[in-house]
Amino acid sequence: MAEVVVIGAGPSGLTAAQALHRAGYSVEVVDKSRGLGGRMATRRIGKTAVDHGCRYLQPFTDVEPSPIVDLVKAGVLCLWQPERFELGATGKLAAAPIDTGYTAPHYSAPQGMSAIAKAMAQGLTIRRHWRATGLTPQPPGWRIEGEGLDPSGEPQAQALEAKAVVIAIPAPQAAAILKPAAQNRAALQELVHRLQPVDFEAVITVMAGYGLGATAPLLGQKGTAGWMVTGKNHPTLRWVGLDSSKRTDPEEAVVVCHSTPAFAARALELTDLEPAGNTLLAEATSLGAWVGSPAWMQVHRWRYGFVKRDLGSPILTSPSLPTLVGCGDWCSGGNVEGAIVSGRQAAAAIAQALG
């Protein structure tokens, strides 16, 4: 039995697991996906790496929990300096104003943002394709019900036990695994109740490639480096960037577009997302007509893309259940940076509870 089970291998879960592992606790991480990193996601399309989730990292308010310096030293991250633009509500493109929001450094991963998760996961025991479905307190800790894969690769009901649990998955998923045991346990009911107001904005992401050797100039672009465009009240586009400019030696131009929440809400449940991807690219032709004619395109939906309403606390915890802690960007916002800070605090809380 591991001392701590961490549910979720996103940035908050990996941060918490690594901190506890380095403190000497036995830790096991479980995640329903094949890959690591949650929204620090990179898709491989042939030889091309495409970041279709988290776009970059920026300096933390507090240097203490920031992994940026170590990741730069390890060659995982490097400075990304794209030209920055804003796309107005009517589709008018303009250079971004010079203020702290746009001049803060941006760091990207040349091998893809998932390389950050791989670096954070070094030395950890991780079960992939393992989906937690329930959580029950039992002396001297917790029973975690779930579904993993048997030796033949078929889904199979499984269970783990641990002295402590860190829940590092989106708030609605956390509530779902707590609800079965919460019916007769007031402390768990209180945690589920606190999770209810947490809300997310969905995102539809389109990835588009423009062939070997293609260049990707932007209307009004001054240099030859990369670019990114932030939608300023645009009805469809939240963000567009030349993703290939993050790579050391890209073979083709690749553009990534993230939709607004309103657009995602309309397209989220579609079986076929290709029309939504075509719409996003059509809207992005205001950046250059070439954007509408990719050599290939893929579309991805993020049901929990950005935190709209957070918990208002760095971690989810209860004095009655000190060995159960929830963490993530949904606790106090801040995207990946907030998730990492939350993971650090979750590890500290568990270490204090276990002694």
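**Briefing: a predicted chain of 355 residues**

Asp243 sits in the loop that runs between strand 15 (237–242) and strand 16 (252–259); helices (H or I, at least four residues) and strands (E, at least two) are DSSP runs, numbered from the N terminus. The model is predicted, so local features need pLDDT of at least 70 and side-chain atom pairs count only at pLDDT 80 or more, while totals for chains, interfaces and linings use all residues. Residues are numbered from 1 along each chain as its sequence is written, and side-chain values use heavy atoms, with hydrogens and water left out.

- Asp243 is buried, at 2% relative accessibility; buried means under 20% relative accessible area, exposed over 50%, and partly exposed in between (1.4 Å probe, protein chains only).
- Leaving aside residues up to four places away in sequence, Asp243 touches Ala49, Val50, Asp51, Val254, Val255 and Val256; a contact means heavy atoms within 4.5 Å.
- Leu71 belongs to helix 2 (residues 68–73) and is buried, with 7% relative accessibility.
- Val76, Leu77, Ile116 and Ala119 are touched by Leu71, again not counting residues up to four places away in sequence.
- Leu71 and Ala115 are 44 residues apart along the chain, and their C-alpha atoms are separated by 9.8 Å.

**The whole chain**

- The chain has ten helices and 18 strands.
- Its radius of gyration is 21 Å, close to the 20 Å that the globule rule gives for 355 residues, so the chain is as compact as a globular protein of that length. The radius is taken over C-alpha atoms, and the rule is 2.2 Å times the number of residues to the power 0.38.
- Along the principal axes, the C-alpha atoms fill a box of roughly 65 × 45 × 45 Å.
- Of the 355 residues, 52% are buried.
- Among contacts with a separation of 6 or more, 68% are between residues 24 or more positions apart.
- The accessible surface is about 16000 Å², and carbon and sulfur atoms hold 51% of that surface; the areas come from the Shrake-Rupley method with a 1.4 Å probe, and for residues only the protein chains shown count as cover.
- There are 31 positive and 29 negative side chains, and the centres of the two sets lie 1 Å apart. Lys and Arg count as positive and Asp and Glu as negative, without His and the chain ends; each charge is placed at NZ of Lys, CZ of Arg, CG of Asp or CD of Glu.

**Aromatic pairs**

- The structure holds three aromatic pairs. Rings of Phe, Tyr and Trp (its six-membered ring) pair if their centres lie within 6.5 Å; planes under 30 degrees apart count as stacked, over 60 as edge-to-face and the rest as tilted.
- One of the pairs is Phe200 with Tyr304, which is edge-to-face, at 5.2 Å centre to centre and 70 degrees between the planes.
- Phe200 lies in strand 13 (residues 199–212) and Tyr304 in strand 17 (residues 296–309), so this pair ties together parts 104 residues apart in sequence.
- Phe200 is buried at 10% relative accessible area, whereas Tyr304 is partly exposed at 21%.
- Tyr210 and Trp290 have ring centres 5.0 Å apart and planes at 80 degrees, so their pair is edge-to-face.

**Backbone details**

- A cis peptide bond, with omega about 0 degrees, joins Pro139 and Pro140.
- His129, which is not a glycine, has a positive phi of about 55 degrees and is partly exposed, with a relative accessible area of 36%.
- Asn335 is in helix 10 (residues 335–354), and its phi is near 55 degrees, a positive value in a residue other than glycine.
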